[in-house]
Amino acid sequence: MTERIAVYPGSFDPVTFGHLDILDRAAAIFDRVVIGVLENPGKTPLFTAAERVEMIRACLESRERIEVTTFDGLTVDFAAATGAIAIVRGLRVISDFESEFQMALMNRRLNPAVNTVFLMTSFSNVFISSSLIKEVCHLGGNVNEMAPPVSVEAMRRRFAEQREREARST
Ligand code: PNS
């Protein structure tokens, strides 16, 4: 039987419990899920693509049939090169839907053979986003219940490095 592969593309800057929730749901549907970390997102990431991949990989130890890699260029090209039949995206709130809908239709126009599958996060993860937890962590808030330890520790280290650099330059 042909393997049913899905790609799960994103910035993952850094990976959160919301991402892992979507990932586990996708793994329950597809034979294999390949996470695609976008190399050069428009926004300046806090972590390099290699660092983002490492953090995700640390979360995959107890998970099977899930891989992680980086990609550059169009998501539909990454999906085709991976042999995927679907692009998985997570939906949290209604406001996510507008841009996701637009992206899904554009991707379908670019490659009609690849469908976008939207999965809903658990209610407890609805408010979690990488940008929000970065802001909260930067300001000293507790994000332990929002992101895996590997992400929380990496954010704390990165923000401490930034503070040290700023202190040295003043
Ligand atoms: O985690 P994000 O930042 O919401 O992920 C956005 C992502 C990576 C899925 C989107 O920006 C994307 O697909 N980028 C790759 C370039 C591309 O294919 N652009 C056209 C999308 S319609």
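**Reading a predicted chain and its ligand**

Q: Where does F12 lie?
A: F12 lies in the loop between β1 and α1. Helices (H or I, at least four residues) and strands (E, at least two) are DSSP runs, numbered from the N terminus. This is a predicted model, in which local features need pLDDT of at least 70, side-chain atom pairs count only at pLDDT 80 or more, and totals for chains, interfaces and linings use all residues. Residues are numbered from 1 along each chain as its sequence is written, and side-chain values use heavy atoms, without hydrogens and water.

Q: What is phi of F12, positive or negative?
A: Most residues other than glycine have a negative phi, and most peptide bonds are trans. F12 has a positive phi, near 50°, and is not a glycine.

Q: Which peptide bond is cis?
A: The bond from D13 to P14 is cis, with omega near 0°. P14 sits in the loop that joins β1 (5-10) to α1 (17-27), and F12 belongs to the loop between β1 and α1 as well.

Q: How many helices and strands are in the protein chain?
A: The protein chain has six helices and five strands. Read from the N terminus, their order is β-α-β-α-β-α-β-α-β-α-α.

Q: Which polar side-chain atoms lie by an oxygen atom of the ligand?
A: A polar contact is a pair of N or O atoms within 3.5 Å. S11 has a polar side-chain atom 2.5 Å from a ligand oxygen, T75 has one at 2.6 Å, and R89 has one at 2.9 Å. Taken alone the ligand exposes 550 Å² (Shrake-Rupley method, 1.4 Å probe), and the protein buries 73% of that.

Q: What radius of gyration does the protein chain have?
A: The radius is taken over C-alpha atoms, and the globule rule is 2.2 Å times the number of residues to the power 0.38. For 170 residues, a compact globule would be near 15 Å; the protein chain has 17 Å, which agrees. Along the principal axes, its C-alpha atoms fill a box of roughly 60 × 30 × 30 Å.

Definitions and conventions: Polar contact = N/O pair within 3.5 Å; in protein donor to acceptor, adjacent residues only side chain to side chain.
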